[in-house]
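Okay everyone, thanks for coming. Let me put the structure up on the screen, and then we'll walk through a few parts of it together.

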Amino acid sequence: MAKMTIAEAKAAAAKAADEAVTLGEKIREKIKDETVLEFAETAENLAIEKAGEAEEKTLLADINAAADEAILAVEKLKNILSGEIITSGINESDTENQNETQDNTLNKVELQKPEEIKSYVYIGPSVKHLGIRENAIYRGTKTDVLNHLKEAIEEIPHIGKMIFETSEIAEKKKKAKEKGNSIYNAYETIKKAIKK
């Protein structure tokens, strides 16, 4: 990424996170392969996380680094959506070449690491018709929680973007009230969906 001012770098990171959410939704609609979806979710979450970091940092170098990582994560999502990343149906003769390509494209993200059981909180607005309460606490792996809320997320995909570990809640709730970041945008999107 070219050198930017602090405001430009923060805006670029926020834009990348929003684009990551949009691309993630498209990928979930188009692709059903669980492994590919895991790659996509990791990249999407990374973009959102790095945009949050960029927003919080004060040094230009740190902000640029976080923005760069968010933008790279968006590129990974674009590659997934365009079909450049294929993780199933690989012929054995192509396995070595495919694995090398995937490692390079995904910066060797380790997705096979077992998820830990933790407590998660939904910080979005309550969605009564789906039985979703603001500040509801869920226990399990992140995958377990998302599977539990699968029907609600299918109806309003941004619900899945408002679930965070309990240790992150204070910071994320603050973000949900501040304009110009992906958490605020997801919160507002859910509010609009409720009003329809």
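So, let's start with a question: is E44 buried or exposed? E44 counts as buried, because its relative accessibility is 0%, and buried means under 20% relative accessible area, with exposed being over 50% and partly exposed in between, using a 1.4 Å probe and protein chains only.

Before I go on, a word on the source: this is a predicted model, where local features need pLDDT of at least 70, side-chain atom pairs count only at pLDDT 80 or more, and totals for chains, interfaces and linings use all residues. Residues are numbered from 1 along each chain as its sequence is written, and side-chain values use heavy atoms, with hydrogens and water left out.

Back to E44, then. You'll find E44 in helix α2; helices here are DSSP runs of H or I with at least four residues, strands are runs of E with at least two, and both are numbered from the N terminus. Leaving aside residues up to four places away in sequence, E44 touches A20, V21, G24, R28, L77 and K161. Contact, by the way, means heavy atoms within 4.5 Å.

Now the helix pair. Helix α2 covers residues 34-56, helix α3 covers residues 60-81, and their axes come within 8 Å and cross at roughly 160°. Axes are lines fitted to C-alpha atoms, for helices over the stretch in contact, and angles run from 0 to 180 degrees between N-to-C directions. That crossing makes α2 roughly antiparallel to α3, a label for angles over 145 degrees; under 35 is roughly parallel, 65 to 115 roughly perpendicular, and the rest oblique. Among the residues making the contact are F39, E44 and L46 of α2, and I63, V74 and L77 of α3.

Next, the sheet. Two strands pair if DSSP finds at least two bridges between them.

How many bridges hold β1 and β2 in their pairing? Four, between residues 118-122 of β1 and residues 137-140 of β2. Have a look at Y120: Y120 stands opposite Y138 in β2 and opposite E165 in β3. S119, meanwhile, has R139 in β2 as a bridge partner.
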